[in-house]
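This report covers the strand pairing and helix packing of the model shown below.

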Amino acid sequence: MSSIGLRAALIAVDAGGTSTRAALVDLDGRVLGTGRAGGGNPTSRGAEGAGAAVAAAARQALGEAPPRVGSVLVAHAGERLPAYYAAIAEGLAAHGVQAPIRQAGDLEALYASGTSEPDGAALIAGTGAIGGAVAGGRVVEVVDGTGWLLGDAGSGFWIGHRVARAAVDDLDGGPATALTRPLLAALGIDEDRGDDEGRAGALREVVSRLYAERPVDLARFAPLAFTHRDDPVARRILVRAVDALAALVACIRAAQPAGPLVVGGSVLVQGLLRLPDGLADPLLRLAGAALPVADGLVGAAVLALRSAGTPVGPTLHAALVRDLGTPLPPVPAAAAPLPVEVRAPRPSDTAAVYRICFETGPDPEDPGRTPELLGHVWAGPYLAFAPHWCRVLVDARGVAGYLLAVPSSAAYERWAAEEWWPPLRLEHPADAPGLSPADRAVAELFATPPASPPDLVATHPAHLHIDLLQRARGRGFARLLIDDLCDRLAAEGVPGVHLGVAPDNARATAVYRRLGFEVLRHEPDVVWMGRRL
């Protein structure tokens with residue numbers, strides 16, 4: 001690359017987990033050089049190795065006779081490690097560059113890569129998953145991004161982890177899946193290995209190999225779910241990933257409804273958003289006309305220029321995209337929504353309601369779960385006690401969701417204590433031998449049924465449960481069902497309705513707040529919310 005003399009310039013870097021891109025720009029936004037190196041994320045590669053990669057990419061952008069550099073901006077995910085910036089500074093100093101190093105988050109850079117608008121939202125799903133609301137060009141609220149152990153729902157790791165679990169379940173006698181053979185091939189394991197100490201040799205080898213790797217490396221198996229998406233197990237994994245990211249978008253948009261949504265990360269942009277057969281529709285409906293970007297280099301340059309006092313409007317932004325961006329096809333539009341009917345449930349709907357209860361419940365991929373048990377707790381008794389207060393949402397493919405409710409929680413609990421729970425206790429005793437942990441937990445609910453606090457029932461007598469399949473989410477049906485119920489309850493003189501939310505489900509709490517509920521009480525295993533009528 002040629003030198004630009006002594007005029008001050010800026011270095012902008014997008015330090016990703018697998019590759020690092022750098023650009024040299026002058027204060028007018030002209031691109032003077034670019035460079036590329038290996039992974040520059042300090043979390044995935046380590047501070048020294050990542051810092052060296054950033055310095056190498058920046059040196060390529062500078063060329064053989066570097067100009068005077070005013071500042072270096074490095075956009076990356078993860079922690080801000082002093083050793084990382086020290087390694088970058090050392091590598092640049094060896095090339096004659098001594099300039100202040102600024103840091104920007106990957107969300108901020110991704111958003112600025114997609115638009116010059118000051119307000120909007122960003123969503124990334126690559127190895128991890130994170131979303132953020134942007135105001136005034138700065139990320140003001142972040143959702144998820146909590147890492148492989150605690151979050152990143154819908155990410156490459158999240159999908160790859162479930163692919164590995166599905167293959168292990170298959171080898172261990174669980175549901176068969178087309179994911180098993182390619183996973184064994186990826187690990188170099190012979191699927192025909194004999195038994196070893198009472199366990200399939202291939203299974204023992206898979207377990208040994210996977211535990212020897214870093215957990216986050218399970219993300220490399222995510223592509224198998226896309227390749228084998230016609231397999232029922234793989235399809236279910238992808239549907240739940242779409243569902244998780246749709247919920248994340250809903251949370252972001254609750255915090256920032258204005259402006260564009262910029263999306264990035266290969267799992268999202270090249271994978272989930274392009275699933276066929278309507279699988280991506282719940283996410284596409286929420287994403288709208290999302291702006292896809294390949295990486296954060298344009299945004300890093302935008303942030304570097306703005307920090308140096310150069311305004312970046314639509315014209316300069318378009319020029320940077322032209323010179324530094326990677327063209328991507330537009331995000332496809334969602335299919336036209338299926339027509340729906342809301343009506344009272346019929347006896348023929350019971351199986352579908354139970355299935356939805358199971359599929360939207362905790363960990364439906366757990367092979368130790370008996371599907372109908374959860375429905376005996378959270379669906380069946382409502383259909384039996386007060387079907388006229390319940391509603392199902394039906395489209396051309398069948399029941400897509402439901403709202404189950406009772407106007408008097410006290411009357412419901414008395415009836416269930418006499419009529420519903422006793423037969424279930426006899427049929428499914430919690431101390432029965434051979435129960436899986438998941439089924440035992442449900443059987444314990446038959447013995448000690450869930451109940452609402454009496455003082456809460458006194459002010460909010462009614463209660464409800466609502467579950468929607470992913471194809472019905474993001475279309476306003478939750479509000480429609482809940483508002484309809486509240487109108488009917490108010491007409492009968494019921495003063496309030498309540499529901500319970502898991503304490504770790506902040507997204508659901510935010511949704512219910514928007515639907516008119518307020519938090520009434522926090523307990524260790526439930527957050528009680530209510531709406532006055």
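## Hairpin of strands 7 and 8

In this predicted model, two residues lie between strand 7 and strand 8 in their hairpin, where Gly136 takes a positive phi near 60°. The two strands run antiparallel and are joined by six bridges. One of the pairs links Ala135 to Arg138 in strand 8.

Strand 11 (residues 261-264) pairs with strand 12 in the parallel sense, over two bridges. Val262 has Leu291 of strand 12 as its bridge partner.

## Sheet 3-2-1-4-5

An open sheet with mixed pairing is also formed by five strands in the order 3-2-1-4-5. Strand 3 (31-38) and strand 5 (101-105) each have a single partner strand, so one side of each is left without a neighbour in the sheet. From one strand to the next, the twist averages 20°.

Seven bridges connect strand 2 (residues 19-26) and strand 3 in the antiparallel sense. Ala22 has Gly35 in strand 3 as its bridge partner.

## Helices across strand 3

Helix 2 (residues 47-62) lies across strand 1 (9-15), strand 2, strand 3 and strand 4 (69-76), and runs at about 150° to strand 3. Helix 14 (residues 314-324) lies across strand 2 and strand 3, at about 50° to strand 3.

How values were computed: Residues are numbered from 1 along each chain as its sequence is written. This is a predicted model: local features need pLDDT of at least 70, side-chain atom pairs count only at pLDDT 80 or more; totals for chains, interfaces and linings use all residues. Side-chain values use heavy atoms; hydrogens and water are left out. Two strands pair if DSSP finds at least two bridges between them. Helices (H or I, at least four residues) and strands (E, at least two) are DSSP runs, numbered from the N terminus. Axes are lines fitted to C-alpha atoms, for helices over the stretch in contact, and angles run from 0 to 180 degrees between N-to-C directions. Contact means heavy atoms within 4.5 Å.
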